[in-house]
Protein chains: 2
Amino acid sequence: MAGPYFERVAFIGIGHIGSSLARLLRREKMAGTIIASARRKETLDTVMRLGLADAVTDDPATAVKDADLVVIATPLSTYREIGQAIAPALKPGAIVTDVGSVKSLVVRELIPLLPASIRVVPGHPVAGTENSGPESGFPEVFQNRWCILTPVPGGDAAALDQVTRMWQAGGMNVVTMDPEHHDTVLAITSHLPHLIAYTIVGTATDLEETLKSEVIKFSASGFRDFTRIAASDPVMWRDIFLNNREAVLAVLQRFNEDLTALQRAIRWGEGDKLQELFTRTRAIRRSIIEAKQA
Amino acid sequence: MAGPYFERVAFIGIGHIGSSLARLLRREKMAGTIIASARRKETLDTVMRLGLADAVTDDPATAVKDADLVVIATPLSTYREIGQAIAPALKPGAIVTDVGSVKSLVVRELIPLLPASIRVVPGHPVAGTENSGPESGFPEVFQNRWCILTPVPGGDAAALDQVTRMWQAGGMNVVTMDPEHHDTVLAITSHLPHLIAYTIVGTATDLEETLKSEVIKFSASGFRDFTRIAASDPVMWRDIFLNNREAVLAVLQRFNEDLTALQRAIRWGEGDKLQELFTRTRAIRRSIIEAKQA
């Protein structure tokens with residue numbers, strides 16, 4: 001399917017996901033001109049050196065001027081400030097989308113700040129590696145992954161269609177969802193796993209030095225898989241936990257109960273309970289392999 | 001370095017690791033004759049079909065007769081019974097080694113059962129995939145991984161040397177360690193990560209059906225990495241937790257404290273604490289990459 005075409009695209013923030021999308025827009029010729037804004041001069045220099053944008057600026061309002069599509073790809077804590085900065089500068093009828101991992105936030109903080117003519121399509125491409133920064137992006141990162149859009153009720157159908165086709169051009173399977181439901185699902189599949197990985201790696205960093213070096217040495221026995229996840233961008237993840245607090249705390253509560261039950265089974269030598277759980281969890285892995293997400 | 005040569009090798013249990021070692025012995029011509037014993041007829045048939053052994057039996061005592069090297073590669077809960085069964089049948093001076101993930105157990109349960117002439121070299125090749133059974137083995141699984149031996153104080157140096165060279169022939173880096181220390185290190189690097197992975201995947205299996213199918217769909221966002229670990233052999237892992245109880249409960253206690261602190265930071269919106277931890281955990285990943293264990 002042919003992708004859409006945007007005369008002028010503005011990126012607010014252009015790290016791992018933003019730069020991957022910029023590369024995709026270039027590859028599929030979906031953008032006339034690309035403007036990128038970022039806070040740090042170093043990022044802007046990198047973006048120009050890599051040819052990811054035609055022009056760069058440290059001012060979001062300047063970036064969005066005359067843009068047909070605005071992509072917000074910054075940590076969630078910046079959304080309010082960005083909304084305030086770009087609102088007066090947006091071209092009437094412009095499409096504004098984002099790539100953030102919490103979607104109720106967009107409804108809560110971003111949409112109220114923007115003029116009524118702006119067509120907001122909140123989005124979350126569920127893709128990426130543990131790397132960050134504009135150099136780490138690549139357009140194939142979206143291939144065969146899911147993209148969740150959480151369209152505004154009564155929102156513009158043409159804008160939703162264009163954003164959908166943009167992600168589809170990157171090989172994504174696009175689905176729509178209610179923002180609160182998105183945040184619940186992602187709390188389980190993404191936010192809790194990251195929280196647990198950060199915790200276990202943190203526990204290891206607090207060990208005495210000799211033991212720590214041995215943990216690194218023998219990390220291939222399980223620990224290693226957690227360190228990859230726990231190497232993800234610190235600010236991005238801080239913001240995810242702060243902005244999806246209720247859903248994360250709710251699923252964490254369930255996890256804690258289950259862990260306590262396992263702990264008790266180990267203490268009292270209840271092998272049958274352990275074996276039952278360990279057998280049950282195998283089935284989920286098979287489902288993931290069947291769903292071609294392994 | 002040339003591997004050792006054993007006229008007759010007996011495997012007690014021949015699953016993922018046992019069959020990988022049998023393949024390695026064949027490839028490197030380190031064994032004259034290989035005898036394998038297993039409980040299930042199906043396993044024995046598979047072993048013969050794959051040519052992993054020259055003869056099979058369901059009786060451990062029959063298997064070890066005249067063997068120069070006996071490799072115990074069964075779940076830990078079978079060690080006592082196996083020790084009792086093979087003790088009267090072992091050839092005087094035979095080397096007995098194992099591949100189990102808890103090493104103090106060998107000192108506690110296996111060694112006391114065997115005649116004084118038997119040269120025991122407890123071992124743990126820290127390698128393997130989440131798959132199980134004799135068909136899943138391959139000799140390259142040991143390449144560039146660590147093998148930890150926990151030699152008996154005052155034990156036979158020649159036996160230690162032969163077992164060391166056998167694993168080195170598979171590309172392993174062999175180190176020796178005190179059994180209790182081994183169990184502490186592995187509780188952190190392997191047993192806790194598996195326990196956490198089993199828990200989080202278990203938490204997901206308890207979700208209502210619609211939500212569960214969405215968790216599978218969007219598993220690539222972090223959850224997926226845990227399901228691979230949580231697909232490991234249920235009986236093997238039940239036995240690890242039951243037999244390394246103290247070390248696992250101790251490290252789990254630390255993990256719980258750290259998780260509670262994170263939970264509290266999320267509840268009270270303490271972003272600086274989250275960011276500090278998430279930055280610290282990145283360093284461990286770099287160390288693992290530098291140690292070439294990534």
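Analyst: Happy to! Please keep in mind that this is a predicted model.

Let's start with the helix itself. Helix α7 of chain A covers residues 179-205, and it packs against helix α11 of chain A, which covers residues 245-267. Two packed helices are described by the angle between their axes and the distance between the axes. For this pair, the angle is about 65° and the axes are 9 Å apart. The crossing also has a hand: α7(A) passes α11(A) in a right-handed way.

Which residues make that contact? From α7(A) come A:Asp183, A:Thr184, A:Ala187, A:Ile188, A:His191, A:Leu192 and A:Leu195. From α11(A) come A:Ala247, A:Val248, A:Val251, A:Leu252 and A:Phe255. Sorted by class, the contact holds nine nonpolar residues, two polar ones and one charged one.

Now look at chain B. There, the axes of helix α7 (residues 179-205) and helix α11 (residues 245-267) come within 9 Å and cross at roughly 65°. α7(B) passes α11(B) in a right-handed crossing. In α7(B), the residues involved are B:Asp183, B:Thr184, B:Ala187, B:Ile188, B:His191, B:Leu192 and B:Leu195, and in α11(B) they meet B:Ala247, B:Val248, B:Val251, B:Leu252 and B:Phe255. The classes in this contact are nine nonpolar, two polar and one charged.

How do the two chains relate to each other? Chain A can be laid on chain B by a turn of 180° with a shift of 0.0 Å along the axis, giving an RMSD of 0.0 Å. The two copies are therefore related as by a two-fold rotation axis. Among the residues of chain A, A:Asp225 comes closest to that axis, with its C-alpha at 3.5 Å.

Let's step back to the whole chain. Chain A is divided into domain 1 (6-177) and domain 2 (181-290). The C-alpha centres of domain 1 and domain 2 of chain A lie 30 Å apart. Where the domains of chain A touch, 14 residues of domain 1 are in contact with 16 residues of domain 2. On the domain 1 side of this contact, six residues are nonpolar, six are polar and two are charged.

Strands of a sheet pair through backbone hydrogen bonds, either parallel or antiparallel. One open sheet of chain B has six strands in the order β3-β2-β1-β4-β5-β6, with parallel pairing. Its edge strands are β3 (55-57) and β6 (119-121), each of which pairs on one side only. From one strand to the next, the twist averages 20°. Within this sheet, strand β5 (residues 95-98) of chain B runs parallel to β6(B), and three bridges join them. B:Val96 stands opposite B:Val120 in β6(B).

Another open sheet of chain B has three strands in the order β7-β8-β9, and its pairing is mixed. The edge strands here are β7 (123-126) and β9 (173-176) of chain B, each pairing on one side only. Strand β8 (residues 146-149) of chain B pairs with β9(B) in the parallel sense over four bridges. One bridge pair to look for is B:Ile148 with B:Val175 in β9(B).

Methods. Residues numbered from 1 in each chain as written. Chains lettered and ligands numbered in written order. Predicted model: local features only at pLDDT ≥ 70, side-chain atom pairs only at ≥ 80, totals over all residues. Axes fitted to C-alpha atoms, helices over the stretch in contact; angles between N-to-C directions. Helix = DSSP H or I, 4+ residues; strand = E, 2+ residues; numbered from the N terminus. Left-handed = near helix turned anticlockwise from the far one by under 90°. Contact = placed C-beta atoms within 7 Å. Nonpolar A, V, L, I, M, F, W, Y, C, P; charged D, E, K, R; others polar. Least-squares fit on C-alpha atoms with pLDDT ≥ 70 in both. Pairing = 2+ DSSP bridges. Domains from an automatic or database assignment.
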